[in-house]
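My notes follow the structure below.

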Amino acid sequence: MPRILPIFAALLMTTAAGAAFAQSDYPNRPITIIVPHAAGGPTDTVSRLIAESMTRSLGETLVVENAGGAGSTVGAARAARAEPDGYTLMINHVAQASSGSLYRKLAFDPDADFDGVGLITDVPMTVVARKDFEPTDIASYIAWVKEHGDEVLYGHAGVGSASHLCGMLLMDALDVKMTTVPYKGTGPAMTDLLGGQIDTMCDQTTNTIPQMTSGAIKGYAVTTPERIEVLPDLPTLQEAGLEGFEMTVWHGMFAPAGTPPEILEKLSGALQVALQDPKVIERFAQLGTTPVPVEEATPAALDAHLAAEIAKWKSVVAKAGEFAD
Ligand code: MLT
């Protein structure tokens, strides 16, 4: 019997040593970042900027892979099932906190199946419409939507997405039901807004500023309590009479649960470098947002934020009474 013990112990030590070497040598091949929203949308924009910067600091390529659908739950299910080895990550946003309350059946646990790497940015939203939408300002937009109700087509990125949540809050505040049109992300939704196939959307500045600046869509209001620097002429929804209306879209980088802490810390360090990258800061500013302070780009900060947001959206969804199968 004793003869077996040394062999077993040796095997155990070799395995542990191998795992330790793999972690110390991490990363030694490309890393995939799953973005659970379609290409060309705001989450994709933020993710590609972060991936490009982290590639430079980690010395291995971070490859963005879009997996849109069902308000991020299709891609998040894939990320949850990935090997916890640091080579598959996900960048998602507030949808990670809302999906558990909105979906009766989820193939994953948005909290327990993930380890946080760190927060990234908190993006303002804008109420926008096709360029020939009749209302000329937020007051006439509100009056029009109240009058025309379900004749108005509201585009979003699937139940639980930021654009869906903003629409849910907006329609609750206006006590009106527009007809909602889901997409795999607000990239494709923006294409239909530009083409006039849908009337309006509440979407992140990272997607709407370029189109508003070019005059291709109309901007009516921002969802933040204060006006934002890059859109000084756009009033807040609170100025328009929607008391206490506030909606921004936090983004975080996640890894599958069970990813070694040493790997999470290494990724968090590279994320913090990216958030201080002048190119990232400049591009974020042009798109109406800023990186979070580096002390929030940590596993502990994201884990705590996600838990608080899950509790927040649970009560918001219960009040709205909106669910998805
Ligand atoms: C959202 O509405 O959740 C996002 O805009 C989706 C996306 O990034 O496409």
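Predicted model: local features only at pLDDT ≥ 70, side-chain atom pairs only at ≥ 80, totals over all residues.

Helix α2 covers residues 42-58 and helix α9 residues 261-275, and I read an angle of about 115° between them with their axes 9 Å apart; axes are lines fitted to C-alpha atoms, for helices over the stretch in contact, and angles run from 0 to 180 degrees between N-to-C directions. Helices here are DSSP runs of H or I with at least four residues, strands are runs of E with at least two, and both are numbered from the N terminus.

For the side of α2 I listed I50, S53, M54, S57 and L58, which meet K266, L267, A270, L271, V273, A274 and L275 in α9, contact being heavy atoms within 4.5 Å. By class I have nine nonpolar, two polar and one charged residues in the contact of α2 with α9, where Ala, Val, Leu, Ile, Met, Phe, Trp, Tyr, Cys and Pro count as nonpolar, Asp, Glu, Lys and Arg as charged, and the others, Gly among them, as polar.

Residues are numbered from 1 along each chain as its sequence is written, and side-chain values use heavy atoms, with hydrogens and water left out.

I turned next to α4 (residues 95-102) and α11 (residues 299-320), which pack at about 45° with their axes 8 Å apart. They are therefore oblique to each other, since angles under 35 degrees count as roughly parallel, over 145 as roughly antiparallel, 65 to 115 as roughly perpendicular and the rest as oblique.

At the ligand I noted 13 residues around it, of which T43, H93, A162, S163 and T186 come nearest (near means a heavy atom within 4 Å). For polar contacts (pairs of N or O atoms within 3.5 Å), I found an oxygen atom of the ligand 2.7 Å from a polar side-chain atom of H93, and one 2.5 Å from a side-chain N or O atom of S163. At A162 a polar backbone atom lies 2.8 Å from a ligand oxygen.

Last, I checked the backbone: the peptide bond from Y26 to P27 is cis, with omega near -10°, and P27 is in the loop between α1 and β1.

Notes:
Polar contact = N/O pair within 3.5 Å; in protein donor to acceptor, adjacent residues only side chain to side chain.
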